[in-house]
Amino acid sequence: MLKFDEFNKLIKDFSSIADFLIIYIEEAHAEDGWAFKNNVIIKNHRSLEDRKIAAQFLQKNHPLCPVVLDTMENLSSSKYAALPERLYLLQGGKIIYKGGVGPWNYHPQEIRAILEKLEQKTKRTSK
């Protein structure tokens, strides 16, 4: 939850220079798969409707950006090696930051540092 709050703070602080998006991918720790004890009870998604219902758990945390669903073929997850979670920063259609695999290597502060530099650059060029 702490890192989700940190992500929401990024959105608040940098929405003037960046667009944010969460792609809800396949469940990494589904109850009927590789589950943790005392985790949210979500089963493997068998349909887009299942994925939509599971994403409602995320919506309860009130993300400050749009949440979209990955396809049932897991195209976004596969393309961006996102399972179980990962941060990316794109500029002009190119990846300029690829975070480590979460949750242990999920570091929103790294995105913050890059966005602060981009914000400074934007301020200098707009003068």
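Val-68 lies in strand β2, residues 67-69 (strands are DSSP E runs of at least two residues, helices are H or I runs of at least four, both numbered from the N terminus). The model is predicted: local features need pLDDT of at least 70, side-chain atom pairs count only at pLDDT 80 or more, and totals for chains, interfaces and linings use all residues. Residues are numbered from 1 along each chain as its sequence is written, and side-chain values use heavy atoms, with hydrogens and water left out.

**Surface around Val-68**
- Val-68 counts as partly exposed because its relative accessibility is 34% (buried is under 20% relative accessible area, exposed over 50%, partly exposed in between; 1.4 Å probe, protein chains only).

**Helix α3**
- Ser-77 sits in helix α3, residues 75-80.
- Ser-77 counts as buried, at 5% relative accessibility.
- Leaving aside neighbours within four places in sequence, Ser-77 contacts Ile-25, Glu-26, Asp-70, Ala-82 and Leu-83 (heavy atoms within 4.5 Å).

**Helix α4**
- Pro-108, Ile-111, Leu-115 and Glu-119 are buried in α4.
- They cover an arc of only 75° around the axis, so they lie on the same side of α4 (the arc is that of directions from the helix axis to the C-beta atoms).
- Exposed Lys-117, Arg-124 and Thr-125 are on the face of α4 turned away from its buried side.
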